[in-house]
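Here is a walk through one protein model, from its overall build down to a few side chains. Have the viewer open as you read.

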Amino acid sequence: MATSKELLDTAVAQTGLEDFGEDSFRDGLEILLTSLREEARLNDRGETFLYQRITAYLGQRLQVEDWYRRHPDIDEVPIEAPLIGLGLPRTGSTALSMLLAQDPDIRYLRKWESSQPCPPPSTVLGVDARIPVDKGEMVGTRYHVPTDTHAPMECHELMALSFTSHLFQSFAQIPAYSAWLVQTADLTSALRYQRRVMKLLQWGEPPRLWRLKCPSHVLWLDSIDRVFSDAQFVMTHRDPTDVILSVADLYADIIGTFTDDIDRPYIGRLNVEHWSLGMARAMRFRADGNDDRFYDIDFRAMQDDPIGEIRGIYGSLGQPLGEEFEQRMRSWWSRAASEREPSTHADPVRYGIDTDAVRPLFAEYVRAAARWKTRDHRERLES
């Protein structure tokens, strides 16, 4: 793996630009590169993929700063009251974000702009070259982009521009970086940079409310609150033992492409540790006077009555559910149901996961989630 200087120099040479913006990204970059060199055991494909990926993020930072230099009015774009989806992964949050994206009056992060926010979409005439014409890249045994090129994406790519993102640990086994990310890193500056990029993406477009989604935001709610103080949240829920193994299997599918020495028990431990910590932090944040900012959805409720759940969210926000929006949601849900692939179940032994030992780590969260879901269901019935 190249040094940070080599990567920075490459990005400068590729773009002809020199200003990377504030220096807070450099700590994460150095820790990531050290972890990749010393721990990841990358094969040639992994070295090439991550070298190109990291260089591309640095190139985007250079371009973001150049657009702001030439158009300082970008900073005046308002980002108000975003609705942020979070919670354990594999809990129906993707379906939720797809349904919310059917609202013609909102703004969301589209796949094709998430890793390449420059140039601002409003400045592109004709067909945008970033919009893929096929299913996208296959990594492991799965396509890791939606077949709908305009589908909403998680915030991981925007956070990766500051090298503080869960995304990197889904590419490689990097224990030191993963530990730093959840124990030491201050995500406030990364989220401020995300907000900066969101302004650039919205620049030149009509003002609209944002809908964001990123399960791992449960780990950094205090930082999110500092940057998006007026944010509201939708939290999705499912039995943790049903999702942890699924996430570990997804990680292994990608990581196994980039190393010839995969450590599945490590991947299992990593996900148990991060998601149990995330649930603990979410409970603490909610208990600290923020509970009324959350709307809670159970995985089964979303499967049974998706439109009803969206109606409940909009009711909690005091926003109308337009007829066009509802028709588009019904159309998408019907189409998605016909294309849904059957779920598979990985062997927990391969990941060193003992479900009986995992359940106590999430017991307090499971009890709290039951209260939250009951409350929101009761309020919907009363409204």
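This is a predicted model: local features need pLDDT of at least 70, side-chain atom pairs count only at pLDDT 80 or more; totals for chains, interfaces and linings use all residues.

Residues are numbered from 1 along each chain as its sequence is written, and side-chain values use heavy atoms, with hydrogens and water left out.

**The whole protein**

Let's start with the big picture. The protein has 15 helices and seven strands; these are DSSP runs numbered from the N terminus, with helices being H or I of at least four residues and strands E of at least two. Its radius of gyration is 20 Å, close to the 21 Å from the globule rule for 383 residues, so the protein is as compact as a globular protein of that length. (That radius is taken over C-alpha atoms, and the rule is 2.2 Å times the number of residues to the power 0.38.) The C-alpha trace spans about 60 × 50 × 40 Å along its principal axes.

Of the 383 residues, 54% are buried. Buried means under 20% relative accessible area, exposed means over 50%, and partly exposed is in between, using a 1.4 Å probe and protein chains only. Among contacts with a separation of 6 or more, 82% involve residues 24 or more positions apart, where contact means heavy atoms within 4.5 Å.

**Around strand β6**

Strand β6 covers residues 232–237, and five of its six residues are buried. Strand β1 (residues 83–87) pairs with β6 in the parallel sense over five bridges, and strand β7 (residues 294–298) also pairs with β6 in the parallel sense over five bridges. For strands to count as paired, DSSP has to find at least two bridges between them.

**Rings and charges**

The model holds 16 aromatic pairs. The rings are those of Phe, Tyr and Trp (its six-membered ring), and they pair if their centres lie within 6.5 Å; planes under 30 degrees apart are stacked, over 60 edge-to-face, and the rest tilted. Two of the pairs look like this:

| Pair | Centre distance | Plane angle | Type |
|---|---|---|---|
| Y57 and F168 | 6.1 Å | 90 degrees | edge-to-face |
| F233 and F294 | 4.8 Å | 25 degrees | stacked |

Y57 sits in helix α3 (residues 44–70) and F168 in the loop between α6 (156–160) and α7 (175–183), 111 residues apart. Y57 is buried at 2% relative accessible area, and F168 is buried at 1%. Both belong to an aromatic cluster that also takes in F20, F25, F163, Y177 and W180.

F233 lies in β6 and F294 in β7, so their pair ties together parts 61 residues apart in sequence. Both F233 and F294 are buried.

Two arginines also sit over rings. The charged end of R61 is 4.0 Å from the ring centre of Y193, and R196 lies over the face of Y68 at 3.7 Å from the ring centre. The cut-offs here are NZ of Lys or CZ of Arg within 6 Å of the ring centre and within 35 degrees of the ring normal.

**A loop residue**

Where is E154 found? E154 lies in the loop between β4 (142–143) and α6, and E154 is partly exposed at 22% relative accessible area. Not counting residues up to four places away in sequence, E154 touches L109, K213, C214 and P215.
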